[in-house]
Amino acid sequence: MKKINETELLNLSKLSRLHLGKEEIPKRLQEVNSILTYIDTLQNISTQTLAPTPFTEQAPVQKDEVQPSMDPELSLSNAPSRQGHFFKVPRMLGGE
Amino acid sequence: MVFSKLRKDLDEKKISSMELTKDFLQKIEHQKNLNAFISVCPDLALEMATEADAKIAKKEITPLTGIPIAVKDMILVKGTRTTAASQFLKNFQSPYDAFVTKRLRQNHAPILGKTNCDEFAMGSSNENSSFGPVKNPWDTSRVPGGSSGGSASCVAAGIAPGALGTDTGGSVRQPAAFCGIVGLKPTYGRLSRSGVIAFASSLDQVGPMCKTVEDTAFLFEALAGHDPQDSTSLTAPLTPIAEQLKTLTSLKGKKIGFAPKFLPEGVDGEVKQNFFDSLKRFEKLGAELVEVELPHAEHGIACYYVIAPAEASANLERYDGIHYTSRAETAANLEELISNSRTQGFGSEVQRRILIGTFVLSSGYFDAYYLKAQKVRALIEKDFSDNFKKVDAILTPTTPTPAFKLGDKNQSPLDMYLADVFTVPVSIAGLPALSFLSGFTQTGLPLGLQLIGNRLQESTLLNLAHVFEQDARFFERTCP
């Protein structure tokens with residue numbers, strides 16, 4: 001049965017781009033592990049001959065046609081910071 | 001008040017849509033304690049009511065013209081903010097209309113406001129909203145269910161004639177049951193997801209929530225239709241049912257399946273009793289009862305808590321502090337800006353699901369969890385499709401218990417997840433299901449049952465539930 005430890009939890013939070021405060025770690029570990037234990041019950045079900053295709057009816061394939069896209073002003077209207085037609089972000093590499 | 005009465009009054013000019021809309025806006029104001037709305041939209045509602053009255057004067061009406069509707073705050077309505085009940089989107093202005101919103105506009109159904117829900121629709125009690133919990137109007141110390149708790153609460157309280165919810169694992173049906181109204185989760189692909197904030201894309205569906213089955217049918221028909229903007233939107237034509245419902249009184253020739261083994265431990269005694277009493281009522285109304293088996297349905301929750309968080313963790317990647325309104329004030333670099341914004345913006349349950357989703361999708365675990373869950377999903381789907389060769393619908397309780405007390409389950413995520421044991425397998429299989437009011441507990445709390453149908457068979461469910469409802473007439477009882 002899979003259980004994760006503190007190091008793995010911290011790695012998960014890094015991958016998820018979420019900070020975990022030190023005081024949160026024990027509670028989060030307990031929650032995540034209780035959920036993992038529960039979903040681990042799936043391992044007991046025989047699925048060897050099955051393909052992972054959930055739905056029998058598929059939506060139609062659409063033609064690859066050029067359609068008008070959203071007005072850039074509208075796309076940028078919720079940006080917390082912008083410059084012209086660009087989303088503005090802090091520098092990617094460390095300070096000068 | 002039901003649509004048919006409102007329609008009659010509007011058409012006979014006993015009341016205008018403007019008067020009606022003002023009346024509901026006033027009721028919303030008086031029942032603020034329910035916290036059913038995140039944003040009330042009087043300007044939009046009254047503007048739409050003016051247009052509706054002009055249409056009514058010209059006799060250019062649809063069944064919904066002039067009837068006000070509330071919209072869950074997961075659905076974009078241009079000119080309003082859409083928050084998904086998250087601090088992350090607390091200032092997000094809808095840049096366009098969702099497909100279903102366009103349908104409300106085409107029908108001139110005034111939009112009263114945006115209803116409260118669990119953050120990003122993740123929850124079964126509405127306690128995960130960053131705008132505070134919604135109260136159940138039958139007993140304000142209890143939850144309305146979730147995630148579409150605001151939509152259910154406002155319809156049950158009579159402060160909106162109908163509402164739109166969204167359902168990923170039961171988020172329309174479970175609150176409908178807890179609040180004693182009707183909620184339909186259509187077949188996956190029936191209602192467009194365009195303009196609906198994504199949670200788990202292979203499960204999300206919009207659903208109508210109303211006081212009666214007939215109202216639900218009218219709202220569903222107004223919302224349905226193919227939308228090229230949603231790549232999973234189906235083209236299959238809808239069998240119109242709403243107009244015909246009035247003429248149906250017998251269920252002769254209909255076969256209803258029930259699965260006695262799919263009543264897991266922990267199902268409340270009154271829920272069980274109500275389920276068996278309701279089966280008898282269906283039999284009295286002419287339906288034939290057929291015992292069925294759903295051997296894999298009990299694995300629905302485990303399957304769901306792999307697939308839904310996996311898809312959620314991918315969908316919620318977009319909230320990065322760059323594109324959608326909220327940004328952490330302090331960050332030394334881009335990496336920190338993203339992490340700080342996400343940590344501050346997302347609530348606890350959302351963060352928990354992102355962590356689980358990231359885990360099941362991560363290298364080394366993908367096959368063991370995500371792929372495995374997708375295979376179990378195929379088994380659950382096969383259980384249902386085998387049964388639909390011999391029955392028209394399958395009846396289950398909607399929820400294992402009536403509405404629970406605020407604070408009762410929010411300390412244990414797993415306990416909360418198990419509140420969706422009956423609704424989740426249906427979502428996993430992409431099937432339509434309808435929750436309807438089936439009675440009350442000794443203490444006066446509403447109970448709901450779920451009718452599950454074969455793919456695209458919403459009309460069968462509406463037909464069965466309508467005949468039951470007209471015979472039982474539980475909907476005539478109103479909140480204290």
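Is Glu293(B) buried, partly exposed or exposed, and what is its relative accessible area? This note returns to that question in point 5.

1. This is a predicted model, in which local features need pLDDT of at least 70 and side-chain atom pairs count only at pLDDT 80 or more, while totals for chains, interfaces and linings use all residues. Residues are numbered from 1 along each chain as its sequence is written, chains are lettered from A and ligands numbered from 1 in the order in which they are written, and side-chain values use heavy atoms, with hydrogens and water left out.

2. Where chain A meets chain B, 50 residues of chain A and 71 residues of chain B take part in the contact, contact being defined as heavy atoms within 4.5 Å. The two chains bury about 5,300 Å² between them, and 67% of this lies on carbon and sulfur atoms; buried area here is the accessible area (1.4 Å probe) that two parts lose on being put together, summed over both.

3. Across the interface of chain A and chain B there are 16 residue pairs in polar contact, with both residues at pLDDT 80 or more. A polar contact is a pair of N or O atoms within 3.5 Å; within protein, one must be able to donate a hydrogen and the other to accept it, and residues adjacent in sequence count only if both atoms are side-chain atoms. On the side of chain A that touches chain B, helix 1 (6-15) and helix 2 (25-39) each supply at least two residues, and helix 2 gives the most, with eight residues. Helices (H or I, at least four residues) and strands (E, at least two) are DSSP runs, numbered from the N terminus.

4. One salt bridge joins the side chains of Arg352(B) and Glu31(A), at 2.8 Å from N to O.

5. Within chain B, Lys261(B) and Glu293(B) form a salt bridge whose closest N and O atoms are 3.2 Å apart. This pair links distant parts of the chain, 32 residues apart, with Lys261(B) in the loop between strand 7 (255-258) and helix 8 (269-284) and Glu293(B) in the loop between strand 8 (288-291) and helix 9 (300-315). To answer the opening question, Glu293(B) is partly exposed, with a relative accessible area of 48%, while Lys261(B) is exposed at 71%. Buried means under 20% relative accessible area, exposed over 50%, and partly exposed in between (1.4 Å probe, protein chains only).

6. Arg353(B) and Glu349(B) also form a salt bridge, with the closest N and O atoms 2.6 Å apart, and both lie in helix 11 (residues 348-361) of chain B, four residues apart, about one turn of the helix. Arg353(B) is buried at 4% relative accessible area, and Glu349(B) is buried at 9%. Salt bridges that share partners join Lys27(A), Arg28(A), Glu31(A), Glu349(B), Arg352(B) and Arg353(B) into one network.

7. Asn116(B) sits in the loop between strand 3 (111-115) and helix 5 (149-156) of chain B, and Asn116(B) is buried, with a relative accessible area of 0%. The side chain of Asn116(B) makes a polar contact of 2.7 Å with the side chain of Ser129(B), and the side chain of Asn116(B) also reaches the backbone oxygen of Gly132(B) at 3.0 Å.

Conventions:
A salt bridge is a side-chain nitrogen of Lys or Arg within 4 Å of a carboxyl oxygen of Asp or Glu.
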